[in-house]
Amino acid sequence: MNSVDILSEEETPAGPYQAPASFSIKSWAEEDRSREKLLQKGRAALSDAELMAILLGSGTAKLSAVDVAKLILNAVQNDLNELARLSVKELMRHKGIGEAKAITIVAALELGRRRKESAAAQRTTITCSRDIYDLVRPNLQDLPHEEFWVVLLNRANVVMRKQPISVGGVAGTVADPKLIFKHALEQLASSVILVHNHPSGNRNPSAADIALTRKVKEAGKFLDLPVLDHLIYTDQGYYSFADEGIL
């Protein structure tokens with residue numbers, strides 16, 4: 001129930017409460033205006049700051065919820081992908097953001113990420129490197145650390161499963177070929193695709209990336225489980241070993 005609903009239910013001895021002529025949407029708190037704007041014009045009409053203000057619910061003694069949201073967005077250059085990278089503790093460094101509000105922001109962004117993952121989880125056939133990139137984006141987008149995944153395919157190149165293999169730090173992660181093929185054999189996969197991310201945004205493979213790819217490829221030959229590609233994921237694009245002809 002918003003502030004208008006509350007006032008309309010109040011009564012005076014003379015009858016129902018009548019709002020003064022000066023009581024307009026412009027006189028409301030900005031967080032209330034954001035809610036009303038969403039109701040009247042739809043969610044697409046709101047700015048990022050206004051949508052965040054609804055999540056925050058309130059501001060500070062000197063700043064409205066919209067002002068607080070604008071400051072946070074300004075700190076990440078109004079980039080929602082950068083905002084999604086922030087942890088609860090990092091968000092709490094901003095004025096007006098306590099633990100509860102920080103958790104609300106993180107939860108909302110995670111729901112958005114899971115929505116993308118749910119859409120990508122539909123039966124997908126891999127026909128090119130871009131298909132792989134789109135498939136793993138929900139899992140690797142915005143991560144501040146490296147993760148190594150394997151995509152398992154059937155004979156028709158339809159995705160059977162996306163399987164995380166290892167989690168590392170900012171500079172790298174270790175992938176055990178035995179673990180990769182263990183999952184592939186358990187699922188009776190016909191081929192595999194290797195994927196890992198570079199949080200730095202550098203798409204080029206390192207010497208270790210190339211060595212691991214060759215090692216896994218050779219192991220796959222003995223198990224009749226070909227490695228179709230190794231994709232290096234970044235939020236801005238990707239590098240495909242198959243496309244570059246070095247697989």
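Tutor: In this predicted model, five strands form an open sheet in the order S4-S3-S5-S6-S7, with mixed pairing. Local features need pLDDT of at least 70, side-chain atom pairs count only at pLDDT 80 or more, and totals for chains, interfaces and linings use all residues. Residues are numbered from 1 along each chain as its sequence is written, and side-chain values use heavy atoms, leaving out hydrogens and water.

Student: Why do S4 and S7 stand at the edges?
Tutor: Strand S4 (159–167) and strand S7 (237–240) each have a single partner strand, so one side of each lacks a neighbour in the sheet. Strands here are DSSP runs of E with at least two residues, and helices are runs of H or I with at least four, numbered from the N terminus.

Student: How do you know that S3 and S4 pair?
Tutor: Pairing requires that DSSP finds at least two bridges between two strands. Strand S3 (residues 147–153) and S4 have seven bridges, in the antiparallel sense, so they pair by that definition. Glu-147 stands opposite Val-167 in S4.

Student: What makes up the protein chain besides this sheet's strands, counting helices and strands?
Tutor: The protein chain has ten helices and seven strands.

Student: Which residues count as buried, and what percentage of the chain are they?
Tutor: Buried means under 20% relative accessible area, exposed over 50%, and partly exposed in between, with a 1.4 Å probe and protein chains only. Of the 247 residues in the protein chain, 37% are buried.
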